[in-house]
Amino acid sequence: MLTETDWSTITLTLHLASIVTVLLLIIGIPVAWWLARTTSAFKGIVSALVALPLILPPTVIGFYLLLLLGPNGPVGQFMQWLGLGLLPFTFEGLVVASLFYSLPFVVQPIQNAFESIGSRPLEVAATLRATPWERFFYVALPLAKSGILTAAVLGFAHTVGEFGIVLMIGGNIPEETKVISLQIYDHVEALDYTQAHYLAGIMMLFSFIVLFALYSLPKNRPIRYGA
Amino acid sequence: MHNNAAPNSFKVQFELLLSNSVFSIDLDLPNKGVIGIFGESGSGKTTLLRVISGLQSIDNGLIQINNAIWQNNAFHLPIHKRSIGYIFQEASLFPHLNVEKNLAFSQKRAWVNKQSADSTLNQTEIYRLLNIEPLLKKWPHHLSGGERQRVAIARALMINPSVLLMDEPLSALDYFRKQEILSYLDKLKKELQIPILYVSHSSRELARLADYLVVLEKGKVRAQGEINQVLTQTDLPHYLQKDAGVIVSACVIEKDSQWSLQKVSFGDNSDSAELWVHDNDTKLGDYLRVQILAKDISIVLSKPIDSSINNILLSSIVSIQKDNQNMMQIQLRVGKNTLFSTITQRSAKHLQLEVGMKVWAQIKSVALIA
């Protein structure tokens with residue numbers, strides 16, 4: 001059924017998606033908290049930047065990242081100056097590209113969750129001697145739990161499903177950057193429809209199960225406060 | 001932060017411009033008892049509590065409680081470092097924690113009282129006062145409005161505050177819940193040795209609870225003082241006119257079971273005044289809070305012998321003043337107690353009332369408010 005290469009693309013994809021999800025939560029939660037609470041004039045700009053990948057073709061992001069991270073790009077030059085390798089066509093490069101690409105899928109549900117808490121529970125906590133950090137960890141985070149879970153699932157699933165940006169930055173190197181979507185593409189190119197069917201079917205099933213689980217969760221239940 | 005020269009006091013002074021409303025507040029409050037904050041909506045009641053708590057920041061001003069300065073022109077103490085208990089209009093329990101954990105959130109952060117232990121309530125007393133025990137394992141959304149508010153009050157008390165701020169804690173409740181919580185507040189008031197700022201737009205609630213009254217109007221202090229002093233001033237705002245009068249603490253001294261009446265006595269022991277009021281299941285020696293409104297006292301020159309009114313007291317006129325509604329406010333002395341009567345100018349002229357005259361005060365009704 002599945003070839004050895006198929007299996008290695010599956011594990012590589014899951015590995016990539018897991019790392020990206022963890023990193024996205026670490027980056028996305030503070031960004032979402034800031035966006036939910038700030039009155040700064042920069043809120044609009046930051047929101048727009050975070051949301052860009054929602055509408056840009058992945059190739060555009062991939063193209064700019066390639067220029068930025070490549071040997072002649074500022075980040076690429078900096079990496080070389082540090083004595084580190086270049087990011088394009090490596091697994092690490094793929095992680096960085098995926099972070100950009102999946103960021104809005106993580107930030108927006110968490111931001112919505114933080115916004116729906118309102119200021120009252122945090123004010124109450126402040127009057128009960130909770131420091132700003134305690135208010136965040138003991139009140140805001142638990143109350144945004146379902147939003148964070150949604151964000152993690154969406155971020156993971158979206159990273160599993162990416163194609164264009166992976167092709168631009170990753171370059172389709174087996175065991176390094178060849179993820180499931182690229183493998184399917186290769187199978188179709190080679191007119192090997194049977195193998196393509198297996199992987200495509202797995203992706204269909206995976207995506208459906210994830211979305212089904214997400215929409216079945218009692219996640220959008222409004223938070224019930226006291227009268 | 002500490003200024004030992006300042007005596008025990010509670011000062012709040014600030015000016016604030018907030019969404020086109022100007023607040024200009026200067027209060028010198030007692031440091032214990034219930035301080036009623038009265039005013040119509042938009043008068044700045046909630047803003048006052050938010051400024052005291054630090055939830056609303058101000059650029060300059062002074063907030064000082066006893067020897068601790070919470071705010072002055074150079075210094076702003078963050079909210080979580082102010083020793084306050086804040087009870088919001090809506091109970092605002094943490095929805096992700098059950099009752100026990102809501103209370104624990106407060107308890108593990110409680111202030112340690114530097115003074116005597118008896119000025120604070122312990123957990124057992126708070127649970128008993130507010131009947132918390134049966135609610136401990138429940139979730140906030142399974143509680144009734146009254147139960148939620150009891151838990152919110154308990155949570156605010158468990159932080160062991162030096163000031164309790166209550167922002168219309170009863171407004172979201174129906175009549176019976178209100179009565180229930182009010183009786184808990186009556187008990188609380190007797191046991192707490194800290195100032196309780198109680199915001200309300202209900203003069204009845206304040207007559208029942210407050211010792212000191214602040215009247216706010218359009219962001220400014222219209223009147224402040226002991227509740228009897230404020231409610232007997234001649235320039236009382238029109239919306240408090242109906243509440244003009246005195247509130248006294250009276251002791252039950254006699255029962256008349258045949259007519260369901262009880263006799264209460266108030267004022268100086270040697271020279272007290274006595275009133276017959278309806279019996280409300282008290283015991284001899286109990287203390288009641290009694291409100292005698294100025295509009296319920298009429299004045300007659302000779303003692304009526306055929307009146308339906310039970311309470312007719314011999315009194316002398318101390319002062320006669322015209323109030324801002326063009327009514328005459330007559331200050332009466334009964335023994336060593338002061339009562340007020342509001343009558344029309346025509347009646348005052350007709351009876352030829354003068355300071356020093358002996359008259360009979362007919363008290364049409366006496367309200368037992370707690």
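Reply: Accessible areas here come from the Shrake-Rupley method with a 1.4 Å probe. On that basis, chain B of this predicted model exposes about 17,400 Å², of which carbon and sulfur atoms supply 48%.

The setting of the helix is as follows. Chain B contains eight helices and 21 strands. Its radius of gyration is 23 Å, close to the 21 Å given by the globule rule for 370 residues, so chain B is as compact as a globular protein of that length. Along the principal axes, the C-alpha atoms of chain B occupy a box of roughly 65 × 50 × 40 Å. Among contacts in chain B with a separation of 6 or more, 67% are between residues 24 or more positions apart. As for charge, chain B carries 40 positive and 35 negative side chains, and the centres of these two sets are 4 Å apart.

In helix H1 of chain B, residues 45–53, seven of the nine residues are buried, so the helix is largely enclosed by the rest of the structure. The buried positions of H1(B) begin with Lys45(B) and continue with Thr47(B), Leu48(B) and Leu49(B); Val51(B), Ile52(B) and Ser53(B) complete the set. After H1(B) comes Gly54(B), with a positive phi near 95°.

Methods
Residues are numbered from 1 along each chain as its sequence is written. Chains are lettered from A and ligands numbered from 1 in the order in which they are written. This is a predicted model: local features need pLDDT of at least 70, side-chain atom pairs count only at pLDDT 80 or more; totals for chains, interfaces and linings use all residues. Side-chain values use heavy atoms; hydrogens and water are left out. Helices (H or I, at least four residues) and strands (E, at least two) are DSSP runs, numbered from the N terminus. The radius of gyration is taken over C-alpha atoms; the globule rule is 2.2 Å times the number of residues to the power 0.38. Contact means heavy atoms within 4.5 Å. Lys and Arg count as positive and Asp and Glu as negative; His and the chain ends are not counted. The place of a charge is taken as NZ of Lys, CZ of Arg, CG of Asp or CD of Glu. Buried means under 20% relative accessible area, exposed over 50%, partly exposed in between (1.4 Å probe, protein chains only).
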